[in-house]
Amino acid sequence: MDITLAVTVLLAGIVVVFIILLLLVFIVKGYGSIVYSIQNKPKKQKNDEVPAEQPTQTALSKTKEPEAFAAGVPGEVIAAISAAVYTVYDKETVKIKSIKPSRQDRPVWGTAGVMDNTRPFI
Amino acid sequence: MEILMGLWESLIGLFKSSGLMSLDWRNYIMIGIAIVLFYLAIKREFEPLLLLPIAFGMLLVNLYPDIMASPMTEYIPVTEYSGGDPSKYATVVINGISNYAVPTNGGVFYYLYQGVKLGIFPPLIFLGVGAMTDFGPLIANPKSFLLGAAAQLGIFLTFFAAGFMGFTAEESGAISIIGGADGPTAIYVATKLAPHLLGPIAVAAYSYMALVPIIQPPIMRGLTTKKEREVVMEQLRPVSKLEKVMFPVIVTILVSLFLPDAAPLVGMLMLGNLLKESGVTERLAKTAQNELMNIVTIMLGVTVGATATGEVFLAPQTLFIIALGLAAFAVGTMGGVLFGKLMYKATGGKVNPLIGAAGVSAVPMAARVAHKEGLRANPTNFLLMHAMGPNVAGVIGSAVAAGVLISILG
């Protein structure tokens, strides 16, 4: 293979891939900031409005340090559940207190199947 | 006695037309290789969804080569013709003898293979991939795009090396795309640039994708320090539905405008994602990621495997392809990790370099490997969602790289 062509493809390839993805970085960052700031604009409260109720505490504790997780739950499962929780809830406001298997009358896949089959046909 | 003679001649005729008389030693070796691939796919679960159909296609074509035969015209002398009404056939004179030009159909895989040859199946697989992919982590941290770009370094350096090993430019391009760690992309590029190498490239690509948990960790540990691997990254911000809906449209417009050759792959990937994220086409998204993808996977796999005949596969160049594929994977991982280290330095230690290895677009295996290595260094570190950003960026990056190769070499 011609050395000129080889070097051309090598350089052109790296440069083009970086340029296009760099452009995507700026564009995604740009529209992401705009949309995020619009959608998360703090709403002004009127004096006579009643403040919204605080969300009820479930298994998530606001202030306590996480306790030891239940024995027998694999580390990967804990990692996946923790990642999912922190993705949905802001880490600043919640901390996972414990993770333990729940009692299931029906297997999860069975439940998913029932929900899928009983959902109204669109 | 005549009946016995007729029976004997029939049996002799059947035996002479059987594969036992028409196959050569290369076919039998390929049958053995197909069985090994069955073992890898079924017992060791190496990318079974594609490797098993590929292996079966390989088995079938080496047992019955005509399964991939293209349609042809058979010239039968008029005096020897014993079929139906010959009036529908053209008459051709060859060496003074009149012949009927009788068209024969191709093998079943020949027709199914048109989906690969015409570049239809890989974009359809990407449609399903897009419908299964969540680009949220990437949108939340767009810098991950750069890690996805850096991991494509393996493709272009391998292209350079392949040229010096005696491959043509088109063959080098098709082989180097293995480094993108993306099966449909590898098949798409190989079909466009070097269709005669499709069999070994596809087998190499899917085998290495399954070996990501073995290939990547030593490279990741070798290129990073313990302190770097322990970095805990900042929680990703939540991503709204509007952002997720805008993303596929913007990516399609930008990539297709700048690199039209990447439009089939990137466009279908983003269409699938938009079907999922819009929320108003749930049935289409479900079909794309389930029934459609499964049907296309079967047809793609079995016909790609059917290109792996003995003449193509049992050649010295196959060993080179396997070696170059491994090099492409390794260099891609190195590129991603090294760029991750650069980002670690540039951000004052906020980016864990391990997530750079996930820029190799074997989704979600590479992200999982990065997460596991992070856990080894720091048992409380959850890198999975951070690694998913570069992982899905790598899918876009490898499609863009494919577009570049096709644009320059096609």
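You are looking at a predicted model, in which local features need pLDDT of at least 70, side-chain atom pairs count only at pLDDT 80 or more, and totals for chains, interfaces and linings use all residues. Residues are numbered from 1 along each chain as its sequence is written, chains are lettered from A and ligands numbered from 1 in the order in which they are written, and side-chain values use heavy atoms, leaving out hydrogens and water.

**The sheet of chain B**

Strands here are DSSP runs (E, at least two residues), while helices are runs of H or I with at least four residues, both numbered from the N terminus. Two strands pair if DSSP finds at least two bridges between them.

Select residues 97-104, which are strand 3; six bridges join this strand to strand 1. Five bridges link strand 3 to strand 2.

Next, click on Asn95(B). This residue takes a positive phi near 55° in the hairpin of strands 2 and 3, which has two residues between the strands.

**Where chain B meets chain A**

Time to show both chains. The contact (heavy atoms within 4.5 Å) takes 52 residues from chain B and 38 residues from chain A. About 3,900 Å² is buried between the chains, 81% of it from carbon and sulfur atoms; buried area is the accessible area (1.4 Å probe) that two parts lose on being put together, summed over both.

Select Phe156(B), Gln235(B) and Phe382(B): in chain B they lose the most area to chain A, together 14% of what that side buries.

Then pick Lys372(B) and Glu76(A), whose side chains meet in a salt bridge (3.4 Å, N to O). The term covers a side-chain nitrogen of Lys or Arg within 4 Å of a carboxyl oxygen of Asp or Glu, and the count between these chains is two.

Finish at helix 21 (384-409) of chain B. This helix gives 10 residues, the largest share of the side of chain B that touches chain A.
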